Amino acid sequence: MKRSDYYERRGLDRIIGISDAVFAFSLTLLAIDLVVPDLQKQQDALLVQGLADEYSRFLYFFLTFIITAAYWSNHHRIFRFIVGYDGILMRLNTFFLLFIIMMPFVTKLINEYGHLQIAVIIAAIGYAAPGLLLGLIWHYASKRYMHINKDLPEDFVRLTRIKNYISPGIFLLSIPLSFIRPSFALYFWLFLFPAHIIADILFPDIIEDD
């Protein structure tokens, strides 16, 4: 192994390491906003009612957890094929992590003010931003095979670019619906799950996961 290859691999390990740490921290912070009901009387019925009253907090917690975990999975997946880096790639990854660490804020915002259009728009942008940056990371790294394995099939590189933009595309497309009614945008986010399933069926990976 060349000396330059060693330092390049070591640098990539540090990029991946700090990324995993940020994801772990952000996912942990999500649970802080979950509230245990404060009951005047300790009765089963009151506890059940108190938890039911907090259903939206649990709903948005699970939604954001799944979204964040999906971004981590995609980040892990594309960095399996990235073999080099430069200053631009590092900056793109840093901005990506910035929006990942803001996920708990976005969750709290949409939970408290999901009935307001501006809150829905900010949340949609907050959820979409990491996906857009992840797409840019892959687009930049794979351009002319600059920082990816040159043995990767061209179809795999192209399909990976497309799949990276599915989630942010859905969030951004939901913004016009918020002008009709904020809740319509929230319901539109449910298309995230079938959209990825359909994409995996129509465009299966040429390279199988380990």
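Let's start with Ile 82, which is found in the loop between α3 (55-79) and α4. Helices here are DSSP runs (H or I, at least four residues), numbered from the N terminus. A word on the source: this is a predicted model, where local features need pLDDT of at least 70, side-chain atom pairs count only at pLDDT 80 or more, and totals for chains, interfaces and linings use all residues. Residues are numbered from 1 along each chain as its sequence is written, and side-chain values use heavy atoms, with hydrogens and water left out.

Is Ile 82 buried or exposed? Ile 82 is buried, because its relative accessible area is 1%. Buried means under 20% relative accessible area, exposed means over 50%, and partly exposed is in between (1.4 Å probe, protein chains only). Ile 82 also sits 9.4 Å from Tyr 145, C-alpha to C-alpha, although 63 residues separate the two in sequence.

Ser 26 gives us another pair. Ser 26 belongs to helix α1 (residues 3-30), and it counts as buried because its relative accessibility is 0%. From Ser 26 to Ile 100 is 74 residues in sequence, yet 6.8 Å in space between C-alpha atoms.

Now, helix α8. The expected span of a helix is 1.5 Å times one less than its number of residues. With 13 residues (166-178), α8 should span 18 Å, and its end C-alpha atoms are 19 Å apart, which agrees. On a 1 Å grid over the protein atoms alone, a pocket is an open set of points where a 1.4 Å probe fits, with protein on both sides within 12 Å along at least five of seven lines, and lining residues have an atom within 4 Å of a point. Which residues lie nearest the centre of the largest pocket? They are Ala 70, Ser 73, Asn 74, His 196 and Asp 200, out of 23 lining residues. The elements that give two or more residues to this lining are α3, α7 (154-164), α8 and α10 (192-202). The largest share, 9 residues, comes from α3.
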